[in-house]
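Trainee: Could you show me how to read a helix-helix contact and then a ligand site?

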Amino acid sequence: LRHGPSRIAVVGGGIGGSAAAYFLRQKFGHGVQLHVLEKAVVGGRLDTLDMEGSAYEAGGSVIHPLNLHMKHFVKELGLSVASPQGSLAGVYNGEEFVFEESSWSFINLLKLLWHYGLNPLRMSMWVEDILDKFMRIYRYQMHDYAFSSNERLLHALGGDDFARLLNQSIDEAMQKAGFSQKFINQVVCPAMRVNYGQGVAINGFVGAVSLAGAQSGLWSVKGGNKLVCSGLIYSSKAEVIPGTVVSIEPKTRSKRGGDPVKLYEVTYNTSSGLTGDTYDIVVIAAPLGRKMADITFRNFDPPIPEFRNPYHQTVTTLVHGRLNTSFFGYRDPQAFHFGAIFTTDNPKLFINSLGVVSPVGDTGTGGKLPLPSAVWKVFSNEELTKEQLGLLFSSYDSVKVKPWLAYPQYSTPEKLPPIVLHEQLYYLNGLERAASAMEMSAIAARNAALLAFHRWHGHSASVDQEDLHEKLKTEL
Ligand SMILES: Cc1cc2nc3c(=O)[nH]c(=O)nc-3n(C[C@H](O)[C@H](O)[C@H](O)COP(=O)(O)OP(=O)(O)OC[C@H]3O[C@@H](n4cnc5c(N)ncnc54)[C@H](O)[C@@H]3O)c2cc1C
Ligand SMILES: CC(C)=CCC/C(C)=C/CC/C(C)=C/CSC[C@H](N)C(=O)O
């Protein structure tokens, strides 16, 4: 029997890296030394901004009720759940509201039927069907199965349907499924713009995830979602090493009287200069690319190919102020009841969405009306100018801005990067090119930990099994 590895490095301390540390500890046990190398702060794209003494989610904020890994982490770490406050939504096309939610659910139903016929109901069923297939991952992972590529993982969940979704835009996928263009433009497109800052040209899979992100029952972590990352790293007893990984190189060390040992030399930049360490296994949990985790893979034979990995800028702007309702065509502020404004695709619009937000410590007021002066979260592709802020708000006290390289710039056909970069060198964030969400990184993390474990011990039967859905039907 092969000994376990002595040392494992995880590059990146976001939700992907911290979940990887947690699952690696679970699989490899307490004998292995775990390092999480982080160039900035633990949490990555889960972070808060402070405004007037309270903290607000500025990155990943909402979690789906069926995101079972996130749910498990929160329970395991003893954290609490916060439910976002409900507010009335409107869809603005740059000139007028094309849909206005009512506080009466019956009126809403009639409005939806009047505007879009059965499209909304059919969309719920369409998304539900995709979610049902997606949920198979939990059963596979519970039974310790891993996948060596992102394509195989997705194929094991949704077969050719998921492969097709990656090859066509959400616009094409929904048109083919019989949804009306009016519904796609006025309902589906605004959901893509608020969630991914991109329109309906994004791939059908991320489009479906985005629609799931508009369902009811969404939640977040009381105190901030990033608490999950610090909690997972603490519970995995991993050591956080502050440093920017700049290169990884394979090395072979000869052992007296034994077989040569294969290792990876990881070089990283710290405040006191360049340094390095060697590891048996390395898991990269940060998006690779020139503008991202710019890591050089030295002396690999064959070389590790570079893959195109463009990321999209989303700017989060928090504003404590009074909305200028006349910008949205409401002369009388009293008549303006929306707390969430979504937008259709109009090049003249300089925002993707704006909505009233609560501090992370707050469970929300449960009220439906925005306060006259509230904290608004604005998503835009570019930083808002003073003039633009002046157009949106009649007055404001404070503004906080956080630009992100937030999500992959999606296009079709979507090619997914490899998971296995070398024998014991793994890459998590390729799955983000299918869809970026906290749960996707957690799923990729568990898969990488299982894969590393099975490949280390030569358990080939637990990797890339076909027809798992059928095989597991008879298992408890
Ligand atoms: C504005 C915004 C809103 C979002 N909203 C939601 C939402 O509501 N729900 C949802 O599910 N998802 C949401 N997401 C997406 C979600 O936040 C991400 O999918 C998820 O957080 C990605 O986690 P990760 O750990 O894979 O990557 P990251 O969080 O990017 O973590 C990578 C880490 O690696 C570090 N790093 C990078 N390069 C190096 C290097 N060379 N050496 C060492 N460390 C390095 C980085 O500093 C970072 O901490 C949102 C994202 C943004 C930006
Ligand atoms: C992975 C699955 C099955 C579901 C995830 C659904 C989900 C929570 C999607 C949201 C993804 C996302 C990138 C949202 C960004 S904006 C979020 C929110 N509207 C905000 O205002 O911050």
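Mentor: Contact here means heavy atoms within 4.5 Å, and helices (H or I, at least four residues) and strands (E, at least two) are DSSP runs numbered from the N terminus. In this predicted model, the residues of helix 1 that meet helix 12 include Ile15, Gly16, Ala19 and Phe23; on the helix 12 side, Met438, Ser441, Ala442 and Trp456 are among them.

Trainee: How do the residues of this contact divide into nonpolar, polar and charged?

Mentor: Ala, Val, Leu, Ile, Met, Phe, Trp, Tyr, Cys and Pro count as nonpolar, Asp, Glu, Lys and Arg as charged, and the others, Gly among them, as polar. The contact of helix 1 with helix 12 has 14 nonpolar, 3 polar and 2 charged residues.

Trainee: At what angle do the axes of helix 1 and helix 12 cross?

Mentor: Axes are lines fitted to C-alpha atoms over the stretch in contact, with angles from 0 to 180 degrees between N-to-C directions. These two cross at roughly 35° and come within 8 Å.

Trainee: Now the ligand: which polar side-chain atom lies 2.8 Å from an oxygen atom of ligand 1?

Mentor: A polar contact is a pair of N or O atoms within 3.5 Å. The atom you ask about belongs to Ser441. A backbone N or O atom of Val62 lies 2.7 Å from a nitrogen atom of ligand 1.

Trainee: How much of ligand 1 does the protein bury?

Mentor: Accessible areas come from the Shrake-Rupley method with a 1.4 Å probe. Ligand 1 alone exposes 1,000 Å², and the protein buries 92% of that. Helix 1 (15-28) and helix 12 (438-457) are among the elements giving two or more residues to its shell.

Notes:
Residues are numbered from 1 along each chain as its sequence is written. Chains are lettered from A and ligands numbered from 1 in the order in which they are written. This is a predicted model: local features need pLDDT of at least 70, side-chain atom pairs count only at pLDDT 80 or more; totals for chains, interfaces and linings use all residues. Side-chain values use heavy atoms; hydrogens and water are left out. A polar contact is a pair of N or O atoms within 3.5 Å; within protein, one must be able to donate a hydrogen and the other to accept it, and residues adjacent in sequence count only if both atoms are side-chain atoms.
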